[in-house]
There are 4 protein chains.
Amino acid sequence: MSVLTQVPQTKLKVGILGATGTVGQRFIQLLADHPYFEIHVLAASSRSAGKPYAQVTKWKQQTLIPDHIATKIVQECAVDAPGMRECAVIFSGLDSDVADIIEPALRQAELVVFSNAKSYRRDPIVPLMVPLVNTDHFSVVPHQRKTLSLEKGYIVTNANCSTTGLVVPLAALERAFGPLQTVLVTTLQAISGAGYPGVSSMDIIDNVVPYIGSEEEKIEWETSKILGGVLPDQTGFEYHASSPLTVSAHCNRVPVIDGHLACVSIKFSRQPAPSAEEIRSALEAYVCEAQEIEQSLPGMVPSAPKRAIVYHEGQDRPQPRLDRDLENGACVSVGRIRKCNVLDVKFVTLVDNVRLGAATSSVINAEVGVAKGFIV
Amino acid sequence: MSVLTQVPQTKLKVGILGATGTVGQRFIQLLADHPYFEIHVLAASSRSAGKPYAQVTKWKQQTLIPDHIATKIVQECAVDAPGMRECAVIFSGLDSDVADIIEPALRQAELVVFSNAKSYRRDPIVPLMVPLVNTDHFSVVPHQRKTLSLEKGYIVTNANCSTTGLVVPLAALERAFGPLQTVLVTTLQAISGAGYPGVSSMDIIDNVVPYIGSEEEKIEWETSKILGGVLPDQTGFEYHASSPLTVSAHCNRVPVIDGHLACVSIKFSRQPAPSAEEIRSALEAYVCEAQEIEQSLPGMVPSAPKRAIVYHEGQDRPQPRLDRDLENGACVSVGRIRKCNVLDVKFVTLVDNVRLGAATSSVINAEVGVAKGFIV
Amino acid sequence: MSVLTQVPQTKLKVGILGATGTVGQRFIQLLADHPYFEIHVLAASSRSAGKPYAQVTKWKQQTLIPDHIATKIVQECAVDAPGMRECAVIFSGLDSDVADIIEPALRQAELVVFSNAKSYRRDPIVPLMVPLVNTDHFSVVPHQRKTLSLEKGYIVTNANCSTTGLVVPLAALERAFGPLQTVLVTTLQAISGAGYPGVSSMDIIDNVVPYIGSEEEKIEWETSKILGGVLPDQTGFEYHASSPLTVSAHCNRVPVIDGHLACVSIKFSRQPAPSAEEIRSALEAYVCEAQEIEQSLPGMVPSAPKRAIVYHEGQDRPQPRLDRDLENGACVSVGRIRKCNVLDVKFVTLVDNVRLGAATSSVINAEVGVAKGFIV
Amino acid sequence: MSVLTQVPQTKLKVGILGATGTVGQRFIQLLADHPYFEIHVLAASSRSAGKPYAQVTKWKQQTLIPDHIATKIVQECAVDAPGMRECAVIFSGLDSDVADIIEPALRQAELVVFSNAKSYRRDPIVPLMVPLVNTDHFSVVPHQRKTLSLEKGYIVTNANCSTTGLVVPLAALERAFGPLQTVLVTTLQAISGAGYPGVSSMDIIDNVVPYIGSEEEKIEWETSKILGGVLPDQTGFEYHASSPLTVSAHCNRVPVIDGHLACVSIKFSRQPAPSAEEIRSALEAYVCEAQEIEQSLPGMVPSAPKRAIVYHEGQDRPQPRLDRDLENGACVSVGRIRKCNVLDVKFVTLVDNVRLGAATSSVINAEVGVAKGFIV
């Protein structure tokens with residue numbers, strides 16, 4: 001696939017849908033000073049439209065609203081909102097009920113949408129892309145356009161936040177040791193995953209909740225699409241079909257602000273399974289396409305982490321509060337690799353659910369899209 | 001086995017070792033108004049000995065210290081401490097380094113010790129007893145006495161707190177459906193499990209810690225001793241040897257005061273496995289020996305729960321804060337029984353780690369011991 | 001004032017408005033096993049009406065819903081709802097926007113309403129009654145009825161939860177040492193004070209919020225009405241007018257489930273001010289009318305605490321988690337009495353905001369109302 | 001006073017005492033990449049001495065240990081530890097019992113010590129210096145040296161963390177409106193203020209503790225030394241003696257990781273008091289000496305905040321989690337200025353207790369010391 005040979009010299013205009021929400025605020029933090037993206041449109045509900053961003057937003061970040069964003073007038077989430085058609089890419093932090101309708105409408109207007117919503121993750125012509133894993137799924141975009149008789153417009157989704165933290169190390173292990181057979185994962189997920197106001201404090205202080213609606217199904221389904229390849233004719237996805245992967249998930253909400261932890265047990269197809277030491281080496285050696293592009297053309301994928309997977313020596317790591325900020329929230333932390341009595345091996349993973357698990361995924365995906373000529 | 005036909009009419013004197021600690025404080029709460037046990041000796045470190053209980057204790061319970069306890073003089077943990085030899089049973093909430101030495105010394109002095117410490121759980125002549133599961137293991141006590149040439153003295157231990165919450169539903173399932181083959185469990189454990197001061201607040205606010213020293217090994221080992229039977233000649237335990245049970249555990253500390261939650265996946269030997277509905281029925285129908293004795297002779301095992309296992313309909317239950325107080329902390333809550341893609345079935349359990357998971361276990365074990373004539 | 005000479009021998013029917021809410025759930029806990037009140041009507045929004053209570057309620061208490069309540073059909077909050085007119089007293093846990101309209105409508109239908117809502121606290125003919133302080137304000141009820149040309153109907157309100165914890169010790173001090181001149185109070189208030197879902201977990205984990213809407217104004221205003229007496233002709237309240245009391249409040253929300261703590265500095269009119277030791281004695285000696293009635297006729301005011309004010313010796317007490325359960329949540333805890341460099345004296349108070357600060361207040365008020373012949 | 005006209009061109013060697021502790025870790029974060037300080041000595045207890053830093057430290061920061069620090073060998077806290085005498089300045093994060101002895105020993109060896117310990121704050125010849133308030137107190141250093149017959153050595157202390165957050169706005173108000181008469185402050189303090197392990201999680205989850213040992217006395221005493229000037233002959237401090245300032249403090253521990261909040265009521269000597277609007281303007285206009293030096297010679301005081309006081313418009317701000325990171329933790333946030341019924345005015349302040357409240361204070365103090373020629 002042809003790749004740009006130069007970092008964009010003029011800024012690419014971007015729009016943010018759901019700009020006042022939790023994910024939208026993170027998009028703003030990531031994009032306000034981006035080297036080649038420039039925030040052109042902030043879109044939200046009609047209730048907010050027409051007013052300055054700072055006035056309609058309950059900003060809950062630990063940095064102040066950038067000055068030029070605070071005064072920017074919010075637009076409606078509509079194709080004809082001022083400036084929308086000028087955007088080279090639209091980042092969507094919408095809830096799925098709204099995304100269901102708006103995202104394909106934008107695509108139909110030949111716009112490019114990178115979405116956090118779950119709406120089109122299971123669509124057989126839409127990539128479900130974790131930027132540290134399967135940016136090769138861009139190769140299905142031409143088929144998506146063709147199917148819909150579009151020249152430019154398409155949708156790329158990123159995965160559910162807890163899926164993201166799981167598939168990065170699984171991808172590294174499959175690359176090194178061949179297909180996995182079974183995965184049993186128990187998550188301890190942060191409250192920010194539910195947005196704002198999200199989880200009531202009455203439900204989570206001095207408590208954990210062993211249930212998150214639809215989360216287990218998402219992890220169990222999305223993993224196979226992400227870790228599966230692309231069909232030979234690039235008209236769709238392989239869904240790990242040639243070597244079926246069985247995933248079972250237990251999901252829990254815990255009183256942590258940011259950072260989803262997961263306890264993972266896995267079984268390899270290959271037996272005997274690799275040792276803990278081999279697994280650790282494979283994880284630390286893992287380099288993804290986004291990183292490779294950035295290495296060969298510095299500044300091309302500036303949001304890619306230096307290390308996709310950070311391995312932690314400490315027997316009690318990773319921990320959400322201490323480790324979620326590594327690589328500016330764009331990596332996955334792994335620790336405690338050891339034998340599992342029931343499957344082969346067990347370990348712990350951590351992902352920053354609002355950065356790599358959400359906004360950062362879309363941004364890196366788009367940066368790779370720029371590199372590959374899918375965003376112009 | 002012969003059982004008492006009458007509830008004790010005179011009070012049985014009891015001692016509490018480690019009376020100032022977290023488990024010791026719970027023993028006091030449970031025993032201060034007990035119908036037939038009476039607190040005779042409060043024992044703690046030599047630093048506390050000789051002083052009134054209230055003066056040497058950082059009391060951290062939500063009830064006040066009972067008045068007659070507050071002024072009681074604390075003794076040393078020694079055979080010759082005033083009143084110690086008069087005790088019909090000694091409850092031990094000691095740390096294992098101290099218990100290692102003191103508990104066998106008391107036994108050797110013909111005293112009866114019911115212990116929370118891990119020191120003798122793996123001893124092949126000492127019962128490891130969860131009161132809602134395997135009170136039949138009392139039948140090895142005569143062999144313990146004989147081996148040590150004792151008339152009266154013996155030790156009974158109870159299980160690790162997280163093991164306890166796991167084995168109760170497992171026992172109910174094995175009784176209904178035959179032996180289990182594999183168990184994969186991930187725990188979310190309360191801070192009170194680490195005692196006081198225990199877990200630093202700097203480590204656990206806005207955080208979870210995916211490691212608890214030796215906890216995984218305890219769960220993996222203890223389960224087989226508890227769920228295994230007694231050898232035919234009553235000289236030891238069967239350790240689930242005839243149908244080996246494989247257990248794998250991930251243990252996490254979470255910011256919850258009391259109540260260990262566990263996400264459990266299991267595989268039965270029998271295939272096809274029972275349905276979720278059959279499993280629920282079996283759990284709700286489960287009645288243990290402690291309950292049977294209490295039913296036939298009310299007041300004999302007064303600390304036994306009415307329901308050993310409480311099943312929760314709500315899809316987001318059980319939860320530690322809301323459900324740990326059921327049955328005065330003496331039951332196990334279970335919810336979310338459903339198919340597991342990797343093993344057969346998965347579900348969630350909750351146990352109050354400082355009550356059924358610790359002090360309450362010893363007290364019910366002792367009440368059954370009284371009923372069976374092992375405490376006089 | 002004439003008082004009953006016998007505890008009611010037949011049960012008095014009561015209704016609960018807002019029965020599905022946080023305060024309504026507490027009313028149910030308090031009244032389900034009440035010796036002479038019996039829950040006759042559960043009323044909530046029209047969305048819930050017609051369905052069994054358990055089906056329409058997110059029950060968030062640490063005890064299960066009592067069985068006879070779970071299946072009871074919820075009614076609308078309306079005069080003509082089945083059974084409503086049969087109630088001897090209606091307890092209201094409504095939000096003020098709804099209470100504004102429904103409470104006077106019920107009164108106009110000759111019903112007796114004991115309300116937690118703020119709607120009529122400032123009404124010059126409605127008592128604002130803290131049960132451990134000013135149950136003598138019942139004497140204005142005849143004037144309320146007369147003003148509205150009613151035979152039986154009236155409204156009694158109880159105070160804001162944080163006001164309640166403050167005025168009990170202040171009342172004890174004014175009784176012992178004469179009027180106070182100034183009060184400066186800073187509160188640390190529990191999340192349950194905001195109801196459910198109330199405070200977002202994103203706002204309060206690893207955080208405090210130095211603002212609670214209208215709370216400071218409530219404390220500053222209500223204190224004078226409660227601590228002031230009744231006009232000589234019993235046509236209204238004195239509002240501490242003869243010796244004006246200045247109150248200044250800072251209110252904060254903290255990540256505590258239940259229990260409002262307050263740091264209080266006070267200045268007496270009388271100078272020199274009493275000593276810390278004299279103050280402590282006065283607080284411990286304080287007995288209110290509700291307690292006196294219960295003492296002379298046991299069972300008449302069964303929800304009254306044995307001790308209205310519990311003084312704590314420990315230099316770091318009271319604390320919400322450890323002390324909120326004392327006296328079943330019906331007392332105020334006080335500690336750390338010491339010299340204030342700026343005013344005279346400073347101390348710390350704690351009240352259970354959902355019990356004495358809300359539902360328990362209404363229930364004790366009503367019990368005193370029964371004793372005094374205001375509820376029949 | 002003469003001030004440098006050029007930023008140091010060669011690096012100044014610094015030592016850190018108590019390098020493995022909570023404050024020591026913050027010193028390392030602040031100094032690892034400092035433009036003209038260079039970490040030369042890491043000193044800790046003899047237990048840690050001789051081993052690489054990473055091996056003996058429980059690093060609890062959200063960034064990794066800088067590589068060149070991780071492998072650096074820890075020294076003892078002693079005058080003759082390798083490299084100690086070469087340090088231009090020694091930063092001390094020691095506990096006071098150790099600081100009592102080591103700090104004057106280093107001074108006696110002609111070393112310069114900037115200390116967080118409370119040991120010498122009340123010493124009449126030692127400056128108690130908040131860098132945004134009273135860096136003019138450096139003028140007493142020559143008298144300190146002279147008194148002890150030293151050429152170079154001296155000690156400068158910084159204030160208690162909660163005092164620091166209070167005195168910055170008070171200093172701004174006194175500069176604008178003349179002396180204050182009374183201050184009544186209630187603090188809500190973060191757990192990191194107690195170090196590690198510090199506060200037990202059992203004491204603070206779902207709880208607040210209305211007591212911090214000696215904290216109220218520190219605030220009440222330190223404020224007058226900091227806000228008072230220097231005697232005309234520069235032989236000591238004025239202690240606000242000419243217009244006595246009365247301070248009363250209530251201190252509480254709350255479950256917040258970092259950031260001390262305070263609710264403050266004040267009374268001015270001047271009457272009528274300034275309006276809320278005038279006060280806000282004075283706070284926002286406040287510029288301290290550290291900032292002035294940085295403005296005239298950029299890079300000279302690089303750790304000084306751009307804004308010493310950040311005023312927050314939001315009626316529920318400042319909040320610890322959202323606002324503690326402003327200005328890299330080196331400013332004080334203020335909000336909610338409004339009339340106080342008892343004193344004149346009330347408001348809320350927030351300080352990052354481990355940055356401006358501890359390590360950052362020492363570092364800015366030292367940077368000003370370099371500028372003024374007190375560190376060479």
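Predicted model: local features only at pLDDT ≥ 70, side-chain atom pairs only at ≥ 80, totals over all residues.

Q: How do you know that chain B and chain C touch, and what area do they bury?
A: Contact requires heavy atoms within 4.5 Å, and 14 residues of chain B are in contact with 14 residues of chain C. The area buried between the two chains is about 1400 Å², of which carbon and sulfur atoms give 50%. In chain B, the residues that lose the most area to chain C are B:Gln62, B:Arg321 and B:Leu322, together 41% of what that side buries.

Q: What makes up the interface of chain B and chain A?
A: Here 49 residues of chain B are in contact with 49 residues of chain A, and the two chains bury about 3800 Å² between them, with 56% of it on carbon and sulfur atoms. The count between chain B and chain A is eight salt bridges, and 31 residue pairs are in polar contact across the interface, both residues being at pLDDT 80 or more. Among the elements that give two or more residues to the side of chain B that touches chain A are β7 (180-189), α8 (215-227) and β8 (246-253) of chain B; β8(B) gives the most, with seven residues. The residues of that side divide into 26 nonpolar, eleven polar and twelve charged.

Q: Why is the pair A:Asp206 and B:Arg324 called a salt bridge?
A: The rule asks for a side-chain nitrogen of Lys or Arg within 4 Å of a carboxyl oxygen of Asp or Glu. The closest N and O atoms of A:Asp206 and B:Arg324 are 2.8 Å apart, so the pair meets the rule. A:Glu216, B:Arg336 and B:Arg338 are, in turn, linked in a network of salt bridges.

Q: How do you know that the salt bridge of A:Asp203 and C:Lys60 crosses between chains, and are its residues buried or exposed?
A: The side chains of A:Asp203 and C:Lys60 meet at 2.7 Å, N to O, and the pair runs from helix α7 (residues 201-204) of chain A to the loop between α2 (53-56) and α3 (67-70) of chain C. Buried means under 20% relative accessible area; A:Asp203 has 12% and C:Lys60 has 16%, so both count as buried.

Q: Why can the salt bridge of A:Arg307 and A:Glu327 be said to tie parts together?
A: The side chains of A:Arg307 and A:Glu327 meet in a salt bridge of 3.2 Å, N to O. A:Arg307 lies in the loop between α10 (289-296) and β10 (309-312) of chain A, and A:Glu327 in the loop between α11 (320-323) and β11 (332-339) of chain A, so the pair ties together parts that are 20 residues apart in sequence. A:Arg307 has a relative accessible area of 39% and is partly exposed, because that value falls between the limits of 20% and 50%.

Q: Why is D:Arg26 called buried, and what does its side chain join?
A: The relative accessible area of D:Arg26 is 13%, and the cut-off for buried is under 20%. Beyond its neighbours within four places in sequence, D:Arg26 is in contact with D:Gln61, D:Asp258, D:Val354, D:Arg355 and D:Ala359.

Q: How do you know that the buried residues of α9(D) line one face of the helix?
A: In helix α9 (residues 276-285) of chain D, the residues D:Ile279, D:Arg280, D:Ala282 and D:Leu283 are buried. Seen down the axis of α9(D), the buried residues fall within an arc of 165 degrees, so they line one face. On the other side of α9(D), D:Glu277 and D:Ala285 are exposed. What covers the buried residues includes α6 (161-177) and β9 (260-268) of chain D.

Terms used
Residues numbered from 1 in each chain as written. Chains lettered and ligands numbered in written order. Heavy atoms only, no water. Buried < 20%, exposed > 50% of the residue type's maximum accessible area, 1.4 Å probe, protein only. Helix = DSSP H or I, 4+ residues; strand = E, 2+ residues; numbered from the N terminus. Arc of directions from axis to C-beta. Buried area = accessible area lost by both parts, 1.4 Å probe. Polar contact = N/O pair within 3.5 Å; in protein donor to acceptor, adjacent residues only side chain to side chain. Nonpolar A, V, L, I, M, F, W, Y, C, P; charged D, E, K, R; others polar.
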